[in-house]
Amino acid sequence: DFSALGAGVSVCSWIYKFLDSSTPRIFFSYATERDTNEIALPDDLSYLDETFPALEAFRWYHYCFTLDSKSLKLAVVIDGEQVVQFPIPPGSSIQDGGTLVLGQEQDSLGGDFDASQAFAGKLYELNVFKRRLSTEEMVQLSKDRCSMEMVASLRADIVLSWSDILGEKAHGTILTEPRGDCKEMINSMERSIIDDAK
């Protein structure tokens, strides 16, 4: 239920993809009768513009999308750093009453799926917030990792939580991993940081 959304919205998640950037996939698809791509978040920013940096496969990223109809800005923040910002038309807002699908783009409201567009990878701690998060909040979320202290402090602003998502019936090839695997995620991230520094 996105009726609680006001002038802004934020979607934040840890994301780990298995495929390279040659075929960007939509991991978060919110469709309405007005627009089947009301919110369509790609696993690679080159989907938005080929000049934007690619997200490498086989490593974790913290990904935040924000939209604010008051400041007329749309932004994508990766690992606490803003990498994409667009102006949006006056009067832009997110329509409620739509259908949310994770891992697959909707070509019609709630349907017309194309298997070649399916997201292949992992998502962790995906939450939808009813306002545009500040840069400081998004930076802290990217640093919080397994402790979830920052998510807990923003609980009143969440309209769709990771717990809500895990409670829904899954369709397709979905594997839910135990919470303990967050430690493996951290180990993987630290290995990626070391590799990047070489």
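Student: In what order do the six strands of the open sheet run?
Tutor: This is a predicted model, and in it the order across the open sheet is β6-β5-β4-β1-β8-β9. The pairing is antiparallel.

Student: Which strands are at the edges?
Tutor: Strands β6, residues 81-87, and β9, residues 158-160, are the edge strands. Each of them pairs on one side only.

Student: And by how much are neighbouring strands turned against each other?
Tutor: On average, the angle between neighbouring strands of this sheet is 20°, with direction ignored.

Student: How many bridges link β1 and β8?
Tutor: There are seven bridges between β1, residues 8-17, and β8, residues 121-129, and the two strands pair in the antiparallel sense.

Student: Which strands does helix α1 lie across?
Tutor: Helix α1, formed by residues 135-144, lies across β1, β4, β5 and β8. Of these, β4 covers residues 60-68 and β5 covers residues 73-78.

Student: What angle does it make with β4?
Tutor: Helix α1 runs at about 160° to β4.

Student: Let us step back to the whole chain. How many helices and strands are there?
Tutor: The protein has four helices and nine strands. Read from the N terminus, the elements follow the pattern β-β-β-β-β-β-β-β-α-α-β-α-α.

Student: What share of the residues is buried?
Tutor: Buried residues account for 45% of the 198 residues.

Student: What about contacts between residues at least 24 apart?
Tutor: They make up 67% of the contacts between residues at least 6 apart in sequence.

Student: Turning to the backbone, what is phi of Phe 58?
Tutor: Phi of Phe 58 is near 65°, which is a positive value in a residue other than glycine. Phe 58 is placed in the loop between β3, residues 39-42, and β4.

Student: Why is Phe 58 classed as exposed?
Tutor: Phe 58 is classed as exposed because its relative accessible area is 52%, and the exposed class begins over 50%.

Student: Where is Asp 79?
Tutor: Asp 79 is in the loop between β5 and β6. Phi of Asp 79 is near 50°, again a positive value in a residue other than glycine.

Student: Why does Asp 79 count as partly exposed?
Tutor: Asp 79 counts as partly exposed because its relative accessibility is 32%, and that class lies between the buried limit of 20% and the exposed limit of 50%.

Technical notes:
Residues numbered from 1 in each chain as written. Predicted model: local features only at pLDDT ≥ 70, side-chain atom pairs only at ≥ 80, totals over all residues. Heavy atoms only, no water. Pairing = 2+ DSSP bridges. Axes fitted to C-alpha atoms, helices over the stretch in contact; angles between N-to-C directions. Contact = heavy atoms within 4.5 Å. Buried < 20%, exposed > 50% of the residue type's maximum accessible area, 1.4 Å probe, protein only.
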